[in-house]
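Trainee: I have a structure to go through. Can we take it by question and answer?

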Amino acid sequence: MDGVHDLGGMQGFGAVVVEPGEPVFHEQWERRAAVITFGSFLAGASNGGQFRHSIERMDPSHYLDSTYYEHWLTGVATRLVEAGLITRDDLEERTGGPFPLSRPDRGMRVDDPGADVTEARFAVGDQVRVRNWHPPGHTRCPRYVRGHKGTIVRIDIVASVPDIEAHSPSSRNEPTYSVRFEAAELWGEPGDPVHVDLWDNYLEPTDER
Amino acid sequence: MSAETGTHHHPRPTSPIEDRVAALEALLVDKGIIDTDALDGIVEHYEHELGPMNGAKVVGRAWVDPDYKRRLLADGTTAISELGFAGPEGDHLVVVENTPSVHNVIVCTLCSCYPWPVLGLPPRWYKSPPYRSRMVREPRALLREMGCEIDDGTEIRVWDSSAEVRYLVLPMQPDGTDGLTEDELTALVTRDSMIGVAVL
């Protein structure tokens, strides 16, 4: 989904604020949120794609206004409610107040994930173009590279496609690549290159290939 | 809710986020979905055993042992596991080397992917919208703002950790440190230099 989480290249956020000597957890509740998150993974409440998408579906203003561990907490609670392990009423009764959850999943359910792809379609040095599409569900293809041309610089592991695992009881594996994009291609002006790691189906061959 | 969260002698009122965390934890424990005793140990491990001190050992070794450095750049995961560092968010590690002509920096624009076994859990700024939005679009300006000046003749390579690979930057060894021992060199390596937002 073209959500607020997909931040690459957005403007207007201002300076990066660095906190010298920052602790791993700022508050005890952050530590407890980590405990809950690891626990819910061990309990099988989510795979990686489902968990990431539960955070991407947070209300945009809530997402921007809260820190990492509140994202984890909101995503985990959302998944547990969606899995039927707990209810929102239980949560709000125990909290003694509102417990904001993420918005509903609009991704299209994938019943047939298709066959695994184990052979890399592209070689290092190949020119590729990122597909221009805007799925309503989870994807790990950042918006700022869609439609743009890049060059394969590394072939990585064959891995489960997040777009499928977030919306399906099954999965499909595909090769992943590191793709180099020149600044002029992405932003229309000279600058330094960006490398983005992408699944096979996000890419198309170009005429120059 | 609980008075135990107060410090000193005066319990303070809890905040809404504290109430939500406590409510979810209590609910999951009551239903037998999580076992907090086991999990406390896992989180303590993340808090105390993982961190930039691990990555610094990898860098220190690479600086003194050319053969290790060659293996590290060829297969980061295997070479890093030789030093005992592995686990979640570290199954596919790629080490990118800084040279006089190339400076590398890592980011995760879509969430906050980070190489946990070698750097620990990420700092807040790494997870913040300003860093995630700007590092891909204006890396040179943002690095300068963060106190990291890169020569005009040096290419900055930004690595967006958008799939399974987690990156570690191998910083250049500082000038004048050739006579130092591996331990002394390791002590010079900072977290920020292994993310690529600082040079040593």
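Mentor: First, a definition: a residue is buried if 20 or more other C-beta atoms lie within 10 Å of its own, exposed if 12 or fewer, and partly exposed in between, with C-beta atoms placed from the backbone. This is a predicted model, where local features need pLDDT of at least 70, side-chain atom pairs count only at pLDDT 80 or more, and totals for chains, interfaces and linings use all residues. Residues are numbered from 1 along each chain as its sequence is written, while chains are lettered from A and ligands numbered from 1 in the order in which they are written.

Trainee: What percentage of the residues in chain B is buried?

Mentor: Chain B has 200 residues. Its C-alpha trace spans about 55 × 35 × 35 Å along the principal axes. The buried share is 44%.

Trainee: At what angle do H1 of chain A and H1 of chain B pack?

Mentor: Take residues 28-42 of chain A and 16-30 of chain B. Axes are lines fitted to C-alpha atoms, for helices over the stretch in contact, and angles run from 0 to 180 degrees between N-to-C directions. The axes lie 10 Å apart, and the angle is about 35°.

Trainee: How many nonpolar residues does the contact of H1(A) with H1(B) have?

Mentor: Ala, Val, Leu, Ile, Met, Phe, Trp, Tyr, Cys and Pro count as nonpolar, Asp, Glu, Lys and Arg as charged, and the others, Gly among them, as polar. One residue of the contact is polar and three are charged. The nonpolar count is seven.

Note on methods:
Helices (H or I, at least four residues) and strands (E, at least two) are DSSP runs, numbered from the N terminus.
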